[in-house]
Amino acid sequence: MSHPIEVEGLVRRFGDIVAVAGVDLVVKQGEIFGFLGPNGAGKTTVVRMLTTLLRPSAGVARVAGHDVVSAAGAVRRSIGVALQDAAIDPLMTGRELVRLQAVLHGISRTEADRRGDVLLERVGLSLASQRRVGTYSGGMRRRLDLALALVHEPSVLFLDEPTTGLDPTSRRALWDEVRRLNHEGTTVFLTTQYLEEADVLAGRIAIIDDGRIVREGDPKVLKEAVGDYRLQVTVAPHQLPVARQALAAFGEPRPSHETAVAIGLRAGPATVSAALRALEDAGVPVEQVELDAPSLDDVFAEATGRRLEGASIPDEGGPE
Amino acid sequence: MAVVVVGERDVGFGARVALEQGRALGLRSIRGTLRQPQVWLPGLLFPIFIAAVNTSAMGRAVEFLPGFDGVDSLLDFLLVASITQSVLFGGLAAGSDTATDIQTGFFDRLLASPVSRTSILVGRLMGASVTGALQAMVFIVLYGAFGARVAAGVPGGLLLIAYAMVLALVIGGFAAMLALRTGSAEAVQNMFPLTFIVLFVSSAFFPTESMEGAYRSIASYNPVTWMVDGMRYQVIVGLDWSRAAGSLLVAAGLAALAIFGANMALRARLRRAT
């Protein structure tokens with residue numbers, strides 16, 4: 001039996017620019033697959049190809065068992081899509097939009113009303129269902145977007161950066177809903193630039209950079225493969241060379257911000273005090289110390305030599 | 001539910017579902033227009049204002065200016081002009097709303113669903129056409145309250161409504177074509193001065209007999225003149241099926257051209273996107 005998403009050698013060019021440069025992916029039945037990468041890495045281009053909004057320049061992609069080019073209609077009937085920015089008509093009410101979306105999927109008006117009631121209740125929008133969407137908060141729009149994507153009970157759900165701009169409460173509510181859907185058997189393809197989101201939700205991830213998959217697998221395994229705890233010390237700029245030399249014995253250098261030295265602690269967190277003592281012995285006053293367990297950002301850094309900008313979830317999002 | 005696979009270009013549901021999709025999208029279009037008074041109100045108020053100014057300033061002109069034979073009231077003469085003006089301005093919404101859908105990403109939402117691509121266009125134009133009918137009804141009733149009468153009676157009124165519906169397809173089709181080509185609501189709004197010129201260089205507000213020189217020549221060849229004159233006959237003189245058919249045929253021809261252009265623009269946009 002084929003997998004819900006199978007991609008081989010997927011390429012997309014825009015003129016001379018190669019946005020996606022040969023992506024291979026398999027998403028298995030019933031998993032939440034996290035697709036990570038910085039802005040402009042090619043995440044959305046891949047999603048647009050998989051959801052039939054963009055034709056691949058080369059390669060093959062099958063979604064829900066159908067080719068995205070030769071059987072695009074069948075793909076559209078099988079997938080639910082919540083695109084970035086929740087493009088929702090602000091002049092319509094939530095109920096009207098759900099009904100419209102159902103009719104677009106060939107569902108009768110009576111059945112559309114029934115499913116609409118169930119879905120709006122499920123995403124907590126029953127009371128607001130008669131209000132125009134223009135009056136909804138960002139979180140409510142995202143929840144409605146999710147309801148719209150589910151109206152035809154898709155087997156594969158694409159969520160393109162579903163929590164960008166949301167406040168922590170709305171984000172967690174959406175995560176809970178995604179988990180619930182997944183437990184009910186829906187395969188979820190989740191793109192996000194938030195590493196924590198992928199860490200919390202995804203059973204497997206792929207990291208894309210410059211149009212290529214640079215890492216793929218179980219997040220836990222990928223982090224373990226990066227290995228070491230990361231020690232970062234902030235020092236005066238003129239002390240940086242001395243600090244680097246003092247810490248060299250404790251592990252390999254890691255990317256860090258300009259006024260800091262970072263290493264992967266080869267022998268684990270137990271050697272932190274020894275490393276700090278080495279700095280003191282070298283006459284380097286330490287301004288700040290940070291010790292981080294391996295993260296997906298480390299996986300990204302290890303793969304690309306760069307940190308994923310904007311990868312951490314902001315403390316405060318848009319109003320709920 | 002039976003699914004008919006008709007190839008990649010269409011998306012797999014039968015004609016009944018495609019019609020239902022078109023109806024739902026048409027309803028969305030009508031709701032969207034009615035919920036934006038700033039879109040339809042100027043299209044009603046501006047023609048009323050012009051009619052009020054003209055009837056006040058030149059109400060007696062019908063008694064001596066050429067081309068007003070048989071015209072009892074300038075308001076009768078201006079009824080078709082007001083409907084035409086209102087529909088031309090209001091029909092632009094079909095284009096600007098399409099462009100807004102493209103700009104906001106709602107168009108992508110439609111494309112990611114198994115909706116018939118043709119239904120997207122049909123729905124928008126259906127909405128414009130029904131809105132055009134509502135506009136015509138408003139003018140017939142409102143001007144009727146101020147003494148204007150349609151000499152052709154109820155059939156004449158129905159012909160005016162049919163004319164407004166087809167005219168809405170003309171302007172809506174051209175506006176949707178521009179929207180699909182450019183994806184810009186601003187570009188569609190820039191059609192406004194053009195519709196203004198086309199309307200005023202026609203017999204909408206003055207009979208061609210009262211015009212001179214190049215202005216008269218241009219107005220004589222302006223399709224708006226052909227449409228307006230045939231419809232005005234129903235208001236001023238009485239029911240004349242052949243003149244009405246002439247007007248409606250001109251409008252239908254232009255509508256066919258506009259819808260063809262919009263459909264080509266839709267196909268081109270889909271090709272560009274994919």
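## Order of elements in chain B

From the N terminus on, chain B runs α-α-α-α-α-α-α-α-α-α-α, with 11 helices and 0 strands, where helices (H or I, at least four residues) and strands (E, at least two) are DSSP runs numbered from the N terminus. This is a predicted model, in which local features need pLDDT of at least 70 and side-chain atom pairs count only at pLDDT 80 or more, while totals for chains, interfaces and linings use all residues. Residues are numbered from 1 along each chain as its sequence is written, and chains are lettered from A and ligands numbered from 1 in the order in which they are written.

## Dimensions and packing of chain B

Because its radius of gyration of 20 Å is close to the 19 Å that the globule rule gives for 274 residues, chain B is as compact as a globular protein of that length; the radius is taken over C-alpha atoms, and the rule is 2.2 Å times the number of residues to the power 0.38. The C-alpha trace of chain B spans about 65 × 35 × 30 Å along its principal axes.

Of the 274 residues of chain B, 50% count as buried (20 or more other C-beta atoms within 10 Å of the residue's own, with C-beta atoms placed from the backbone). Among contacts in chain B with a separation of 6 or more, 80% come from residues 24 or more positions apart, two residues being in contact if their C-beta atoms, placed from the backbone, lie within 7 Å.

## Contact between chains A and B

Chain A brings 24 residues to the contact and chain B brings 27 residues. On the side of chain A that touches chain B, the elements that give two or more residues are α2 (72–78) and α3 (94–104) of chain A, and α2(A) gives the most, with 5 residues.

Conventions. A residue is buried if 20 or more other C-beta atoms lie within 10 Å of its own, exposed if 12 or fewer, and partly exposed in between; C-beta atoms are placed from the backbone.
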